Amino acid sequence: AHEGIQALAVAGVGSSALGSAAFARNVADALNTSVAAVVSGYGLSDLVTEALGGWFLFGALNGLRHLMEGLDASRPLALTADELDGAARTSRDTATLRALLNDPALDFRLVTGHSKGNLVIAEALYEIGKDAPERLAVLGETMDIVTVSAIIQMPSACRNVVDVIGSIDNFGAMNSRLGIPPDLVSAGAWHHTNTQLPFHLPVADVFRRLDGEGRIPGLRRT
């Protein structure tokens, strides 16, 4: 049953179902709410191919979107919007997330991603904006977005986007969009979120801080 689920978490490259659940659990513990999880990777066995598909396809795609938003719409481009969207539609995780966000029976007030998960979120929202701009307008007004460990360009309709990155996360910085400063830098944190390993980004602590500072106002409080 989906009643009462207000938040959706999309884990990153190399995350198993267990890793995705752990990311969602950290968010749920911090915000005291139910969180659904989407698995965007296929675990460590497919880490290399997922990383290549995630960063080099989706990263380039998102970078092109970012560039295109700053160009005159009348200027001819080598790649058309249809060609860009066609590449995104081949991703099953993007299609799954798009279907969830497009479902009027679901009312997500927060969506968060880690690493490649942020790219999946962005591309799902761009697809919704192309096919159902009125739905994207509703999501943009009512749903907060928190990116963790990679700063990604979201559609301009999204009103509240909070970008979080670790202070020593060179991998996340390398794959972030230039020109978008982080909203929160987690001191001493690298790219991963595994609390059993050193230099992890403390997801639960970060979300408690964001919540306490009123940066994710969309959740309904009971």
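In this protein, which is a predicted model, residues 24 or more positions apart account for 67% of the contacts with a separation of 6 or more, where contact means heavy atoms within 4.5 Å. Residues are numbered from 1 along each chain as its sequence is written, and side-chain values use heavy atoms, with hydrogens and water left out. Because the model is predicted, local features need pLDDT of at least 70 and side-chain atom pairs count only at pLDDT 80 or more, while totals for chains, interfaces and linings use all residues.

Let me turn to the overall layout. The protein has eight helices and six strands, and these are DSSP runs numbered from the N terminus, with helices being H or I of at least four residues and strands being E of at least two. Reading along the sequence, you will find the pattern β-α-β-α-α-α-β-α-α-β-β-α-β-α. Of the 222 residues, 48% count as buried; buried means under 20% relative accessible area, exposed means over 50%, and partly exposed lies in between, with a 1.4 Å probe and protein chains only. The protein exposes about 10,500 Å², and carbon and sulfur atoms supply 58% of that area, which comes from the Shrake-Rupley method with a 1.4 Å probe, where for residues only the protein chains shown count as cover.

Now please look at Val148, which has its place in strand E4, residues 144–148. Val148 counts as buried, because its relative accessibility is 1%. Which residues does Val148 contact, leaving aside its neighbours within four places in sequence? The contacts of Val148 are Phe23, Thr112, Gly113, His114, Ser115, Asn118, Val164, Leu201 and Phe207. Val148 and Val206 are 58 residues apart in sequence, and their C-alpha atoms are 9.6 Å apart in space.

Thr193 is found in the loop between E6 and H8, and it counts as buried at 17% relative accessibility.

Trp190 lies in the loop between strand E6 (184–186) and helix H8 (203–212). Is Trp190 buried or partly exposed? Trp190 is partly exposed, since its relative accessible area is 34%. Together with Ile168 and Phe199, Trp190 makes a nonpolar surface patch of about 310 Å². Patches are made of residues with over 30% relative accessible area and no salt bridge, where like charges are joined within 9 Å and nonpolar side chains (Val, Leu, Ile, Met, Phe, Trp, Tyr) within 5 Å.

Next come the salt bridges, each of which is a side-chain nitrogen of Lys or Arg within 4 Å of a carboxyl oxygen of Asp or Glu. How many salt bridges does the structure hold? The structure holds ten salt bridges. In one of them, Glu127 pairs with Arg98, and the closest N and O atoms are 3.5 Å apart. Glu127 lies in helix H5 (residues 116–131) and Arg98 in helix H4 (residues 92–102), so this pair ties together parts that are 29 residues apart in sequence. Glu127 counts as buried, with a relative accessibility of 2%. Arg98 also forms a salt bridge with Asp131, where the closest N and O atoms are 2.5 Å apart. That pair likewise links distant parts of the chain, with Arg98 in helix H4 and Asp131 in helix H5, 33 residues apart. Asp131 is partly exposed, at a relative accessible area of 38%, and the residues Arg98, Glu127 and Asp131 are linked in a network of salt bridges.

Staying with helix H4, its buried residues are Asp93, Thr94, Leu97 and Leu101. Seen down the axis of H4, these buried residues fall within an arc of 100 degrees, so they line one face of the helix; the arc is that of the directions from the helix axis to the C-beta atoms.

Finally, we come to helix H6 (residues 133–142), in which Arg135, Leu136, Leu139 and Gly140 are buried. Down the axis of H6, the buried residues fall within an arc of 135 degrees, so they too line one face of their helix. What covers the buried residues of H6 includes H4 and H5, whereas the face of H6 turned away from its buried side carries the exposed residues Glu134 and Glu141.
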